[in-house]
Amino acid sequence: MKKFIYKIKENINIAKNTYKMVLLGDTSDIGKPGQFINIKLQNKYLRRPISICDYDKTSITILYKVVGEGTKIMSKLSTGEELDVLVGLGNGFDVSYAGSKPLLIGGGIGIAPLYNLAKELVESCEVINIILGYNSKDEVYYEEEFLNLSSKINLHIVTVDGSYGKKGFVTDAFADIDLYSYFYTCGPMAMFRAINDIADTDGQLSFEERMGCGFGACMGCSCKTITGNKRICKEGPVLFRGEIIWEN
């Protein structure tokens, strides 16, 4: 973990209440898809943890949804402003388990970290099945970006109200996928439980949790596993399906 000052290159609205921000600066501490950054905001005691959507040698792209005062402040930030950011946080996805036909499942803003994951898997996989779930058509984002990655992408869009793509939840799209070798997912806990009930393979889940410190100093974001409590910010946010204790 390191702290850097980043300059905002872009901060735009891309869907209902959803924004894309590009930050310019050092990215050498980012090593895996699924890691996150922790942003300091003016007059806010706690930093805001945001998943990394994509990155290169000089920039980080994040996607975030305005759900509270902190993300509302972020949405008002302008090009050229600087942010104090902690980088290199969390354990990301392990792509060595993917096999030839991985399945990626994202719900809501949890779709964001799957983009860099898909980007990394393109060269080594035969087919990448992707299910993206939204509430409605006006919340759909990054559809074209996923499709433009490769012809290997087999994309399925699902909306709860049926206004775009298939009507229902992400699990309703499982029937449209012939075969998958492994799964990766990020989204709300209710979605995780539904996936756990029907998934045929092992997989990795990236948890969305409220974090206190964001780097393991507290136990405010812990998850029960077969080897004891694990901190989502430190041992996670990615955990393996088989290690999680699923409680009702």
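Student: Which residue forms a salt bridge with Lys 20?

Tutor: First, the term: a salt bridge is a side-chain nitrogen of Lys or Arg within 4 Å of a carboxyl oxygen of Asp or Glu. For Lys 20, the closest N and O atoms of the pair are 3.8 Å apart. The partner is Glu 10.

Student: Before we go on, what kind of model is this?

Tutor: Residues are numbered from 1 along each chain as its sequence is written, and side-chain values use heavy atoms, with hydrogens and water left out. Local features need pLDDT of at least 70, side-chain atom pairs count only at pLDDT 80 or more, totals for chains, interfaces and linings use all residues, and the model itself is predicted.

Student: Back to Lys 20 and Glu 10: which strands do they lie in?

Tutor: Helices (H or I, at least four residues) and strands (E, at least two) are DSSP runs, numbered from the N terminus. Lys 20 and Glu 10 form a salt bridge. The two sit ten residues apart in sequence, so the bridge ties together separate strands: Lys 20 is in β2 and Glu 10 is in β1.

Student: How many strands close into the barrel, and in what order?

Tutor: Strands pair if DSSP finds at least two bridges between them, and the pairing here is antiparallel. Neighbouring strands of this sheet are turned by 45° against each other on average, direction ignored. The barrel has six strands, in the order β1-β2-β5-β4-β3-β6.

Student: Which residue stands opposite Tyr 55?

Tutor: Strand β4 covers residues 48–55 and β5 covers residues 59–65, and they pair in the antiparallel sense over three bridges. Look across from Tyr 55 into β5 and you find Ile 60.

Student: What angle does helix α2 make with β4?

Tutor: Angles run from 0 to 180 degrees between N-to-C directions, using axes fitted as lines to C-alpha atoms, for helices over the stretch in contact. Contact means heavy atoms within 4.5 Å. Helix α2 (residues 112–121) packs on the sheet, touching β4 and β5, and its direction makes an angle with that of β4 of about 30°.

Student: Which residue does Lys 119 meet in a salt bridge?

Tutor: The N to O distance in this bridge is 3.0 Å. The pair links distant parts of the chain, 65 residues apart: Lys 119 is in helix α2, and the partner, in strand β4, is Asp 54.

Student: Is Asp 54 buried or exposed?

Tutor: Buried means under 20% relative accessible area, exposed over 50%, and partly exposed in between (1.4 Å probe, protein chains only). Lys 119 has 39%, so that residue is partly exposed. Asp 54 has a relative accessibility of 12%, so it counts as buried.

Student: What kind of aromatic pair do Tyr 115 and Tyr 142 make?

Tutor: Rings of Phe, Tyr and Trp (its six-membered ring) pair if their centres lie within 6.5 Å; planes under 30 degrees apart count as stacked, over 60 as edge-to-face and the rest as tilted. The whole structure has twelve aromatic pairs. In this one, the ring centres are 5.2 Å apart and the planes are at 85°, so the pair is edge-to-face.

Student: Which helix holds Phe 146, another partner of Tyr 115?

Tutor: Tyr 115 and Phe 146 form an edge-to-face pair too, with 5.5 Å centre to centre and 80° between the planes. Tyr 115 lies in helix α2, 31 residues away in sequence, so the pair ties α2 to the helix of Phe 146, which is α3.

Student: Which residues does Thr 201 touch?

Tutor: Thr 201 lies in the loop between α4 and β12. Its relative accessible area is 16%, so Thr 201 is buried. Not counting residues up to four places away in sequence, Thr 201 touches Tyr 180, Ser 181, Tyr 182, Phe 183 and Arg 241.
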